[in-house]
Amino acid sequence: MNLIAAIDRKLATLAAHSLTRRLRVADSACAPRQVVDGRPMLAFCSNDYLGLAAHPLVIEALREGASRYGAGSGASHLVSGHSRAHALLEERLAEWMSPHIEKARALYLCTGYMANLAILTALGADLDAMIFSEALNHASLIDGARLAKAGVTVYPHGDVEALDKLLAASSASTKIVVTDSVFSMDGNLAPLPELLALCERHGAWLVVDDAHGFGVLGQNGRGALEHFELRSPNLVYMGTLGKAAGVGGAFIAAHASVIELLVQRSRPYIYTTAAPPALAHALQASLDIIGGPEGMQRRAHLAALVDSLQGALRLKRWQLAASSTAIQPIIIGSNEDALRAAAGLHEQGLWVPAIRPPTVAAGTARLRVTLSAAHTFEEVALLAGALNDIERST
Ligand SMILES: *Cc1c(COP(=O)(O)O)cnc(C)c1O
């Protein structure tokens with residue numbers, strides 16, 4: 001009884017601060033038009049940036065993968081769960097990243113969260129190593145740094161000069177700089193070319209979490225490294241495959257020696273059941289689309305939607321974040337106001353999540369609007385109109 005009462009007190013404190021989160025149940029596939037808690041909604045909240053999560057060719061490939069390889073992998077990769085489907089996907093991803101990473105090899109993992117733990121615990125395995133972590137990094141990078149034996153220094157958001165000083169002053173045996181490429185709650189890009197130049201000068205690794213870049217950035221959708229035309233042996237790349245790629249899992253691409261170290265030593269890779277091979281098989285269809293003419297069309301349409309949203313908003317008190325990506329957050333301020341705005345949209349059948357601390361800094365609660373190539377211009381106009389109205393009337 002006492003145990004439960006203590007938990008309930010914590011939950012009551014969250015509620016008192018307007019921090020209670022609520023699960024909504026989607027009754028249909030991830031798409032702009034979906035049925036949520038039994039009600040039709042127009043959604044602007046998924047990270048399915050290219051609209052591949054419900055793409056017929058990807059669904060068909062998933063079906064084919066299940067027929068060929070079964071439902072589950074049955075074991076971890078090193079025991080017996082590493083299927084041909086995983087191996088073929090890894091070969092293809094390595095080839096995709098080879099313009100950017102020398103002797104590139106790729107490793108497919110169950111989630112991006114685990115991929116980040118895998119990278120940071122392996123590279124940061126020594127007590128005298130140091131992880132230099134960008135202030136706005138994703139929770140999974142923060143947790144990876146906590147789990148690593150290395151020390152952790154947080155550098156201010158986007159501050160290349162401050163990082164330069166920290167690296168110069170450090171006598172760590174291994175220096176690891178880690179950053180999101182696209183910041184997930186702000187939508188802006190990290191200054192990767194400057195960061196890479198610094199890392200090369202200081203002999204540091206640059207770990208890039210491209211969760212929101214893979215599939216959408218770069219001419220061929222290969223992500224932030226393609227966008228910035230980067231190439232270096234110092235790069236360790238993490239791309240997720242459940243966002244723009246529409247399926248699930250993530251991959252790490254790096255020099256073959258780094259990947260071999262992960263296979264030998266990285267506990268988040270070793271001690272977990274391999275993802276269902278059918279997912280890896282379905283991802284081949286996603287990569288076909290991302291890398292082909294349809295992917296290019298989808299990226300162009302997405303960019304045009306971003307322009308149209310920005311052109312249609314007439315905000316006075318709220319602030320649209322300076323972002324050119326599919327993540328278009330509207331900063332509102334207090335938790336209560338952000339929740340009220342989200343509720344106002346919800347009444348009109350529009351689904352936009354309110355993001356509150358600790359996901360973002362206190363006082364910067366926001367609506368996190370995300371656009372997808374599956375949206376139409378009419379749908380974006382509907383959202384902009386509703387946002388303009390709600391801001392004026394609250
Ligand atoms: C979503 C996300 C992850 C985690 O990836 P999952 O595959 O969803 O576990 C890691 N980093 C960033 C920046 C993300 O947005």
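Reply: Buried means under 20% relative accessible area, exposed means over 50%, and partly exposed lies in between, computed with a 1.4 Å probe on protein chains only. This is a predicted model, in which local features need pLDDT of at least 70, side-chain atom pairs count only at pLDDT 80 or more, and totals for chains, interfaces and linings use all residues. Residues are numbered from 1 along each chain as its sequence is written, and side-chain values use heavy atoms, with hydrogens and water left out.

Side chains of opposite charge can pair when their charged atoms come close. A salt bridge here is a side-chain nitrogen of Lys or Arg within 4 Å of a carboxyl oxygen of Asp or Glu. The structure holds twelve of them.

One of these joins Arg33 and Glu379, with the closest N and O atoms 3.0 Å apart. Arg33 lies in strand β1 and Glu379 in helix α15, so the pair ties together parts that are 346 residues apart in sequence. Helices (H or I, at least four residues) and strands (E, at least two) are DSSP runs, numbered from the N terminus. Arg33 is exposed at 53% relative accessible area, while Glu379 is buried at 8%.

Another salt bridge pairs Asp288 with Arg92, at 2.7 Å between the closest N and O atoms. Asp288 belongs to helix α12 and Arg92 to helix α4, so this pair ties together parts 196 residues apart in sequence. Asp288 is partly exposed at 45%, and Arg92 is partly exposed at 22%.

Arg366 and Asp186 also meet in a salt bridge, 3.2 Å from N to O. Arg366 sits in strand β14 and Asp186 in the loop between β6 and α8, 180 residues apart. Arg366 is buried at 4%, whereas Asp186 is partly exposed at 21%.
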